[in-house]
Every structure is written in C-alpha cells, then in structure tokens.
Amino acid sequence: MRSTAVAALSLVSASLFAVGAAPGGSPAAPLPARMADTGGGRQLITAVAPEAGSTSGTVTWWSRRDGQWVKAGAATARFGANGLVEGDTRRQGTDTTPTGLYDLPYAFGIKRAPTGTTYRYRAVRQNSWWCQDNDSRSYNHWGEPRPADCRAAQSERLISYPTQYAYGFVIGFNYADPVRGRGAGIFLHVDGRGATAGCVSVPAEAMRRLLRWAEPGKRPHLAIGTRGGRTAVTRY
C-alpha cells in the first residue's frame, strides 16, 4: 500500500509540473517569480532547455508591471551542440551553452537596428572582430581592427556570419573580468542551420522583437538554464 500511494503521489506531482499548475488547481507563479535572482531590473529574458543535454528549448521575455512579471513574447531557441553546462565550470571549445544569469552589455548587428531600438547597438563592419585568443589582452572583447596580439585563427570576423550576426546581443558571460579558457563570444543571435557553438539563437523575427522590446533603463538580464536539476533556471 505504501509504494502504491507514493507512486500515485508522484504521478500527481508530475502532472502538476507538466501543466504548470500549483496544488489546488491555481496557476503556478510566472517563471521569474520562482527564480532566485532576476538581475534587479524590470525586464528579463529566460532561455530554458528541457535538460542539460538538450540543443533546443524556449526563449521567453518578460516585463515587470505593477509588481508582477508578465510574459511579453516567446520563441523557439537553440543551444550548444553539446548541450548546456554550469557557466562557472565551462571550458572554451566545448560547444556548450553556459547556464547562469547574465547582463546584456550591448546589442550589435550586420543589419541596421530595427526601428524602435533604444538599446546601445554597435554596427558590424568589415574589420570587426571578436577576440577569442586566450593569449590576447583583448580576450572576449570586440576589436576594430583586430588587435595585433589577437590571432585571426583564434577569433571571429563578425561580418563572416551574415545570417547569425544579422542581429545579436552580447551576453555578459565571462565578459567583465574574463577567465582565460572559460569561453568567449557567447551571444544571443539569429538562428543558423542547427545547434550553436555555445550561444543561444532564435529566429530573426524574434531577435527583431527583442531589440525593439529591450530598454536599457529597465536593465534586462538573460537567465539560461534547464527545467530542473543542477542547472535549473530557477537557481539563478
């Protein structure tokens, strides 16, 4: 009888989780309200995968109004070819997306910023590079032109990716005080043909919507994680 009761309780709990309901049939609180931290601003983007090994999931953007988090939009998302991993232990070149809560230092793109964009937007030019060379003083930063100590073979010439970098946000992973070998060039950008090398990607129209929605005064952050487990997005 005990094992049957436990099994029944587990089934009920799983059902409640699946439909996002709380005990008693009331809707669960919106995801940002269940997170440990949202960055302190009034805008938040969540990028959630089913599990750590997933290469796809959902990006949702939220606005805080009258003390409540309200969903402002959503889109399908792609993650690293080798899934997601805790940001603090990530290693460069592993094709994994770092989980955690990050700021968005600025937006950028090969195309002009969509009408209505108020976020700082940097235009990609012929000599725009993102340095990924661990031996460079410019590691994990934009260089224009490419710094002399940053090897081209260890960097990305941004204009070489006309689809992915049509629009993007720099994700503040390993950015302000970079740790060598942890990873560089992690962005929220437009979808390519498949999984990413560690970035988060969404369809082009979703990126345009995000750029028009994001307001620097509302301090948007990006939380990347999974539905549950050690890398659950609610931990960040």
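Modeller: Two strands pair if DSSP finds at least two bridges between them; helices (H or I, at least four residues) and strands (E, at least two) are DSSP runs, numbered from the N terminus. This is a predicted model, in which local features need pLDDT of at least 70 and side-chain atom pairs count only at pLDDT 80 or more, while totals for chains, interfaces and linings use all residues. Residues are numbered from 1 along each chain as its sequence is written, and side-chain values use heavy atoms, with hydrogens and water left out.

Biologist: How do you know that strand E1 and E14 pair?

Modeller: Strand E1 (residues 43-49) and E14 are joined in the parallel sense over six bridges, and the criterion asks for at least two. Valine 48 is the residue opposite glycine 225 in E14. Strand E5 (residues 97-103) meets the criterion as well, with four bridges to E14 in an antiparallel arrangement; there, leucine 101 stands opposite alanine 223.

Biologist: What makes strand E14 mostly covered?

Modeller: Buried means under 20% relative accessible area, exposed over 50%, and partly exposed in between, with a 1.4 Å probe and protein chains only. In E14 (residues 221-226), six of six residues are buried. In a regular strand the side chains alternate between the two faces of the sheet. Here His221, Ala223 and Gly225 are buried on one side, and Leu222, Ile224 and Thr226 on the other.

Biologist: Why is the link between cysteine 131 and cysteine 150 called a disulfide?

Modeller: The term requires a pair of cysteine sulfur atoms within 2.5 Å, and these two sulfur atoms are 2.2 Å apart. The pair therefore qualifies, and its S-S torsion of about 115 degrees makes the disulfide right-handed. Cysteine 131 lies in strand E8 and cysteine 150 in the loop between E9 and E10, so the bond ties together parts 19 residues apart in sequence. Both cysteines are buried, and a search of the whole structure finds one disulfide.

Biologist: Why does cysteine 199 count as buried?

Modeller: Its relative accessible area is 6%, so cysteine 199 falls under the limit for a buried residue.

Biologist: How many aromatic pairs are there, and what are the criteria?

Modeller: The structure holds 10 aromatic pairs. Rings of Phe, Tyr and Trp (its six-membered ring) pair if their centres lie within 6.5 Å; planes under 30 degrees apart count as stacked, over 60 as edge-to-face and the rest as tilted. Phenylalanine 108 and phenylalanine 187, at 5.0 Å centre to centre and 65 degrees between the planes, are edge-to-face. Phenylalanine 108 is in strand E6 (residues 107-109) and phenylalanine 187 in strand E12, 79 residues apart. Phenylalanine 108 is buried at 1% relative accessibility, and phenylalanine 187 at 0%.

Biologist: Why is the pair of tyrosine 161 and tyrosine 165 tilted?

Modeller: Their centres are 5.4 Å apart and their planes stand at 55 degrees, so the pair is tilted. Tyrosine 161 is partly exposed at 32%, whereas tyrosine 165 is buried at 4%.

Biologist: What makes arginine 120 a charge over the ring of tyrosine 106?

Modeller: The criterion is NZ of Lys or CZ of Arg within 6 Å of the ring centre and within 35 degrees of the ring normal. Arginine 120 lies over the face of tyrosine 106 at 4.6 Å from the ring centre. Arginine 146 lies over the face of tryptophan 129, at 5.1 Å from the ring centre.
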